[in-house]
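This report describes selected features of a single protein model.

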Amino acid sequence: MWSVISRVKSGQRCLELRLGFRRHTEGPGTMAVQDGRVRAGVRTHTVRLGGGCGLWYSSGTRLNEGLLFRQLFESESSTYTYLLADRETKDAVLIDPVLETIDRDLKLVHELGLHLKVAVNTHCHADHITSTGLMKTRLAGLKSAISKVSGASADILLSDGDKIAFGKHYLTVRETPGHTDGCVTLVTQDRRMAFTGDALLIRGCGRTDFQQGCAERLYSSVHEKIFTLPDRCLIYPAHDYLGQTVSTVGEERMFNPRLTKSLEEFVNIMNNLNLPKPSKIDISVPANLVCGVHHVGMPCTRRRE
């Protein structure tokens with residue numbers, strides 16, 4: 001029996017060496033996967049793949065120091081909602097919330113004892129209605145935010161280079177039009193995480209055949225505003241339809257089947273997708289232009305902070 005265990009341990013050690021397996025020391029505010037379970041207080045294990053690509057893959061959720069992060073999912077529109085908060089001040093921001101999951105999101109905010117300051121949309125969505133407007137009626141002091149170029153109403157109208165602060169953390173706005181005029185990517189201050197909306201998806205991108213879509217602009221946006229981020233920067237999109245949860249800038253620069261092509265090839269691909277219109281576009285877009293509050297009769301101001 002001992003010889004079997006020894007051989008297993010030896011094989012495991014060889015595999016770890018071949019993959020460049022690194023174990024990080026313990027530290028606060030981080031999580032790791034051990035024996036199939038997530039355990040708080042331990043930094044994530046990362047694995048570097050061979051072939052010289054220089055990419056690192058996390059076995060758990062890689063967190064910035066002092067940052068709380070949650071990725072949430074809405075199944076009907078396959079939308080990801082992201083909650084980020086300062087662990088010390090409890091100030092928080094919510095990205096791309098969906099109307100159908102407002103109770104879940106507010107419950108989580110309450111359970112974690114967070115002070116939700118801003119609910120921001122990465123663009124004017126066509127496949128679901130945002131919950132930002134209704135959420136403001138249920139959470140005192142909450143501000144809504146969206147790109148100024150989107151033409152939608154919100155408390156905070158964002159432009160390129162603006163910062164959304166929560167505690168000692170902030171997200172920097174990068175305008176990434178092409179799917180819509182008002183698309184933005186939100187990047188953490190250490191450039192380890194980027195929330196790309198529909199501009200860049202995992203092994204894909206947002207369509208460009210409606211809502212001011214333009215394939216040329218989208219190609220430029222991704223290459224100039226997202227692919228210029230560090231290779232290890234984690235990519236968190238607004239949607240995924242295949243069960244994927246995260247990618248990296250380096251991965252997408254190497255493996256994205258559309259955006260690794262030339263501009264001419266990309267435009268040809270996007271012009272020949274022949275996709276049906278989103279089923280909720282006729283109700284979602286008008287509602288999202290007013291923070292999704294058309295049904296509760298509460299106007300969303302257009303004040304810029």
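## The largest pocket

The lining of the largest pocket comprises twelve nonpolar, eight polar and seven charged residues. The model is predicted, and the volume of this pocket comes to about 530 Å³. A total of 27 residues line the pocket, and those closest to its centre are Leu201, Cys205, Arg207, Tyr241 and Leu275.

Cys205, one of the residues closest to the centre of the largest pocket, is counted as buried because its relative accessibility of 5% falls under the 20% cut-off.

## Confidence in the model

Across the protein chain the mean pLDDT is 82, with 75% of the residues at 70 or more. Residues 1-62 form a stretch in which pLDDT stays under 50. For this stretch the model has 85 contacts beyond four places in sequence.

## Cysteines

How many disulfides does the structure hold? The number is zero.

## Residues with positive phi

Most residues other than glycine have a negative phi. Arg191 is not a glycine, yet its phi is positive, at about 60 degrees. The residue lies in the loop that runs between strand S13 (184-188) and strand S14 (193-197). With a relative accessibility of 37%, Arg191 counts as partly exposed.

Gln211, likewise not a glycine, has a positive phi of about 55 degrees. Its loop lies between strand S16 (204-205) and helix H4 (215-226). Is Gln211 buried or exposed? The relative accessible area of Gln211 is 15%, so the residue is buried.

Ser131 is located in the loop between strand S8 (115-120) and helix H3 (132-138). At 0% relative accessibility, Ser131 is counted as buried.

Which residues are in contact with Ser131 once its neighbours within four places in sequence are left aside? They are Pro97, Val98, Leu99 and Ile102.

Key. Residues are numbered from 1 along each chain as its sequence is written. This is a predicted model: local features need pLDDT of at least 70, side-chain atom pairs count only at pLDDT 80 or more; totals for chains, interfaces and linings use all residues. Side-chain values use heavy atoms; hydrogens and water are left out. A disulfide is a pair of cysteine sulfur atoms within 2.5 Å. Buried means under 20% relative accessible area, exposed over 50%, partly exposed in between (1.4 Å probe, protein chains only). On a 1 Å grid over the protein atoms alone, a cavity is a set of points where a 1.4 Å probe fits but cannot get out, and a pocket is an open set with protein on both sides within 12 Å along at least five of seven lines; lining residues have an atom within 4 Å of a point. Grid points are joined across faces, edges and corners, and a volume is the space filled by probe spheres set on the points. Ala, Val, Leu, Ile, Met, Phe, Trp, Tyr, Cys and Pro count as nonpolar, Asp, Glu, Lys and Arg as charged, and the others, Gly among them, as polar. pLDDT is the predictor's confidence in each residue, from 0 to 100. Contact means heavy atoms within 4.5 Å. Helices (H or I, at least four residues) and strands (E, at least two) are DSSP runs, numbered from the N terminus.
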